[in-house]
Amino acid sequence: MAVVGMGYVGSCVAATLADRGLHVIGIDTDADLVDRLNSGTTPLREPGLADRIQAGVGSGRLRSTTDHRASTEADVVLLTVATPVRSDGSLADDHLRAACTALAQHLRAGQLVILKSTVPPGTTRDLVRPLLEASGLRAGADFALAFAPERLAEGTAMTELQTLPVVVGGLDPDSTRAAADFLGHALGTKVLTQDSLEAAEVVKLADNWWIDLNIALANELAMFCDLFGVDVLDVISAANSIPKGNGHVNILRPSVGVGGSCLTKDPWMVWRSARRHGLDIATARVGREVNQQMPGYAARLVLDDLAARGVAPSAATVAILGLAFKNDTGDLRATPTRGVVDALSAAGVRVRIHDPLVDPVHARETFGLPVTATVEEAVRDAHCVALLAMHREFRSLDFAELPVAEGCLVLDGRAYLPKEEIAMLERLGYTYRGVGR
């Protein structure tokens, strides 16, 4: 089989399938990435991925190339290319068009093509299908065509690939059946078949629409709780105890903001797709607007604390610990931490940044600041230590030994410190603020 697009999703899928005994050809336009993969390494930080890539290459079951002609060897082709959105929420389909155009030149009868990249409803039918049929072959007659969204969470992807149900919808019943049979056998998971391509496309959007909107609720609840001096985590814990439907109320936790390549764009896909058909979807837009304001809100918490202590922003130093958009990853894609850094810097604050998991070159390009080598260097004489991604490396911090300024604020953007630890910080002379705490 072939995997076209060896980024995060493609690499995880290819490595997992090779680990399960399939012979996999990875195809990507990035020659440097292909060389790294063929040497048994990966630039991606995902638990278990590097070991599986190394094992797959070593066994001969995984190889990569920039040559799309290799897809001819495969009975099944998975498309896992990037599908970002433009500023207006529409699909930036350049990568998808290029991949389909290249694949069409080498498509052969009898192949199964499965798109896994997140797309607006109708994309597989109205864009992918005609591009592939430029080969002279007809979808549903000469080759099978299906959509099966990736639904992985960064940090747990390698486990989820073999445990989460796979959603599949095909162009026709035979395409659905072929894709379901292949993915169910290849991954060893339950398969949830849908009646159409569009139904499967909507499932992925519904997942991320719900998650983003739920976090927006949590974020506004946090700001609401702050008005009354209430700990939002206590409120959420109690609220979530009530049964509802097949489970319980399930309010997620607030934070400094939402990042990554999915939650920040998929609701806009929903909004834009609906508008094209004359429907105004309010919740997708509002969820995005709420979550996009959270970095500014977090920065305001710091600036308000400085003002209360009589420290001018121009005289203040803030240490940002954790730059990634998610705990225990080094992923800087759409990280909300950038918004916090930008807002503090614009106010005149001196900002230092530190994250042991990120690529320092990429971080400097993203933030316009050098990454400090150690926590101690970052926090020296700092008026605030902002925990914006709570990596494992930060969980054993000895706050009593940190060389911070007197009365230093600990801003909890994603650490969710327990009350016992908050009390300990306050005994040490720190001030604590969280999002809604």
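User: What volume does the second largest cavity have?

Analyst: This is a predicted model, where local features need pLDDT of at least 70, side-chain atom pairs count only at pLDDT 80 or more, and totals for chains, interfaces and linings use all residues. Residues are numbered from 1 along each chain as its sequence is written, and side-chain values use heavy atoms, without hydrogens and water. On a 1 Å grid over the protein atoms alone, a cavity is a set of points where a 1.4 Å probe fits but cannot get out; points are joined across faces, edges and corners, and the volume is the space filled by probe spheres set on them. For the second largest cavity this gives about 40 Å³.

User: Which elements give two or more residues to the lining of the second largest pocket?

Analyst: A pocket is an open set of points with protein on both sides within 12 Å along at least five of seven lines. This one has a volume of about 320 Å³, and 15 residues line it. Elements are DSSP runs numbered from the N terminus, helices being H or I with at least four residues and strands E with at least two. Those asked for are helix 5 (123-133) and helix 10 (266-276).

User: Why is one side of strand 12 and of strand 15 left without a neighbour in the sheet?

Analyst: Five strands form an open, parallel sheet in the order 12-11-13-14-15, where two strands pair if DSSP finds at least two bridges between them. Strand 12 (350-354) and strand 15 (431-434) stand at the edges, so each has a single partner strand.

User: What angle does the direction of helix 13 make with that of strand 11?

Analyst: Strand 11 (residues 317-321) is joined to strand 12 by five bridges. Helix 13 (residues 337-346) touches both strands (contact means heavy atoms within 4.5 Å). Axes are lines fitted to C-alpha atoms, for helices over the stretch in contact, and angles run from 0 to 180 degrees between N-to-C directions. The angle is about 175°.

Conventions
1 Å grid on protein atoms, 1.4 Å probe; cavity = no way out; pocket = protein on both sides within 12 Å on 5 of 7 lines; lining within 4 Å.
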